[in-house]
Amino acid sequence: MKDRAILNGLIVNPAGGTAPGGVLIRDGRIAAVGYFDAPADADILDAAGAMIAPGIVDLGIFAIDLPAMRAGGITRAGLMPDQSPPLDDPGLIQRAAAAGKPDLWIHPIAAATRGLEGRELAEYGLMHASGAKAVSCGRRWIPDSSVMLRALKYANAHDLVFIAHAEDGGLAGDAVATAGETATRLGLPSAPAIAEPIAIMRDLCLAREAGAPIHFRQVTTAAGFDLIRAAKAAGQAVTCGISPAHLHLSDIAVSDFRTFAHLSPPLRDESDRRAALEAIADGTIDVLCSAHDPRGPEDKRLPFADSAPGMAGAETLLPMGLALVRDGQISTEGLFRLLSTNPARLLGVEGGVMAPGAPADLILFDPHAPWRIDVARLAATAGNTPFDGLPVQGRMLQMIKGGQLFA
Amino acid sequence: MPAASSSSAFGLHGAQAFPHRHLTGISGLQPHEISFLLDEAEQWVDLNRSASKHDDRLSGMTLINAFFENSTRTLLSFEIAGKRLGADVVNMHAAQSSVKKGETLIDTAMTLNAMRADCIVIRHQSSGAVRLIADKVDCPVLNAGDGWHEHPTQALLDALTIRRRKGAIAGLKVAICGDIMHSRVARSNILALTALAAEVHVVGPPTLLPPAIERMGVTAFTDFDRGIADVDVVMMLRLQNERMAGGFIPSPREFHAFWGLTPERLERAKPDALVMHPGPMNRGVEITSSVADDKRRSAITEQVEMGVAVRMACLDVLTRKRRGVDGWA
């Protein structure tokens, strides 16, 4: 296979900075970065000033949706166990792991308990051997703390990080919104935002007891960030993530019963949203993920409380992330640590690295190209985005997975 | 004689007085639009008290009462209202319909639409369900109660009852008492009464007061005696059976002891305070029989009477465009 040289771009190196240059690809891996002498017979791709960054590693998608992933610049994705049936069996893991190749590598996340029911441990060891890269309770809460403690210990013994859902199940109950003025006016079942810090506090204690690392998939409240910040300062192995919706929207987006804004965890009030932006800026948040969950009218064109939670987020992840760069919350290379480097490290997979030897999983994008999010024009299997109509900047130009070009 | 219409008082003509296709809630209505509906209802109070309770302005029109949640009183009230206006009234009980067979709400709505209903009245157990249907059908939609969200005709009939008894609503102190959290009646009444410049107290056990309720412009009390001190109107709410057993309150008798309206408690309100209840009542739980049946104080049967008049007014106003009424078409 001939070498490929991408020239005349702006290299985003998550471990360094952003600087003009190119990337030389040999045998599916990065051979050189910056300025280099391209072999005479190499295929040349002129980036024409576009940014070249590591492909996005999306930690926590709910559906394998190849067109949306490709349009979003996602080269690897952690698949949540909340599938039908739940990913609690080595055979299901194996099948999921093969579902996206060659352009998208799916890294299945094993269900922590059988059927995600929170009672009996699932076969982490066998699932790990079949391709599982983490363990998670999905969007649910394991109510029995002794089960949670054992799950943390057992996952750690198999070198799998535990991905927790931070909502106390008792408080969350049937709630579909955060307690506050909006939920009260609409007459929606709601739970106080403290459901989140209560869950984080318990699970931090259990993880410390187990001597196990823990990742909170979505942290969305000021009190939650304070707990994570304090635990990190104390040296605990804890990380957390968020999706763009909680950075850009508050629970006001639920007004008029807009089911596209029905998320899990639910949208919070404005002060929590501001706290999330601060947590991005000060490094408390480690991962920015899409939580991609395309849902058609059968799940969304229903009364709010009867609708399924979740949003189609794959295609809007990059532009909404770039909005944080433009607003000065984070640098471009810092954004790609959240989008790529950190999630790859948590899953224990290659990716998120812009250096010789790393796999040539790259995206080319124009960070300034303007477009308007339109539910009817998304590549996703369903266009349930609360960002409909929003003007954004940042357009994918080219995806490269393992050195191969995918349009 | 009907009262002078506020539409002329505001210099509004025809549809300017009520420029809405549907009635999905009190939310979104201007105070003068609420008053307009109340004024319109007055003429129907008069008609309903006469021997021949009939008007044929909705003759030939089909009114569908689609009730996805069981109801006796509200359904009956809408049925009588429609019939007194001459409409062909059809009642659909979801308990016996294809909804049970898994048909989606939207599909059911489209079916009703295809049958060329001229007005659809909907009750549904989920908040927001009525607005969802209203966006999909061609005819006016009237909310007869959606989840915990709104029950606009209840608020209108309560306002009409208060206005007739007290002369005006502005400046009155009204206490709404009981299970505020799960009550669409409470929410619609809060919106209507605050819009009409009444001072509203909400009173109930802390477990049944919704979060941030004061943001709706009311004062919240858990102490019943303080909450009803010097009020002009005491509006009791029904405590649903499923809330009585332990989850939200310890027991019906404990609820009655602290939040039930007794003759002694009523002493704290103004001497001429009006007692109201949307029905059906749990006698001995939220209200003592002697209070409910006290003709001088209780407006409970009058509320039922006003309900028919208010619903006639709503059906009339919402169908004016379809009927080609001058100034509305």
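## Ground rules

In this predicted model, local features need pLDDT of at least 70 and side-chain atom pairs count only at pLDDT 80 or more, while totals for chains, interfaces and linings use all residues. Residues are numbered from 1 along each chain as its sequence is written, chains are lettered from A and ligands numbered from 1 in the order in which they are written, and side-chain values use heavy atoms, with hydrogens and water left out.

## Nonpolar cores

Let's start inside. A nonpolar core is a set of buried Ala, Val, Leu, Ile, Met, Phe, Trp, Tyr and Cys residues joined through side-chain atoms within 4.5 Å; buried means under 20% relative accessible area with a 1.4 Å probe, protein chains only. The largest such core has 78 residues, and Phe162(A), Phe216(A) and Phe336(A) touch the most other members. A second, separate core of 69 residues includes Ala17(B), Leu85(B), Ala87(B) and Leu157(B).

Leaving aside residues up to four places away in sequence, the contacts (heavy atoms within 4.5 Å) of Phe162(A) include Val135(A), Ile142(A), Met148(A), Leu152(A) and His215(A).

On a 1 Å grid over the protein atoms alone, a cavity is a set of points where a 1.4 Å probe fits but cannot get out, and a pocket is an open set with protein on both sides within 12 Å along at least five of seven lines; lining residues have an atom within 4 Å of a point. Points are joined across faces, edges and corners, and a volume is the space filled by probe spheres set on them.

The largest pocket has a volume of about 930 Å³. Of its 37 lining residues, Thr74(B), Arg123(B), Arg184(B), Gly279(B) and Pro280(B) are the closest to its centre.

## A buried histidine

His149(B) sits in the loop between strand E4 (141–146; a strand is an E run of at least two residues) and helix H6 (152–166) of chain B. His149(B) is buried, with a relative accessible area of 3%. Its neighbours come from both chains, including Arg185(A), Phe257(A), Arg131(B) and Arg184(B).

How values were computed:
Buried < 20%, exposed > 50% of the residue type's maximum accessible area, 1.4 Å probe, protein only. Helix = DSSP H or I, 4+ residues; strand = E, 2+ residues; numbered from the N terminus.
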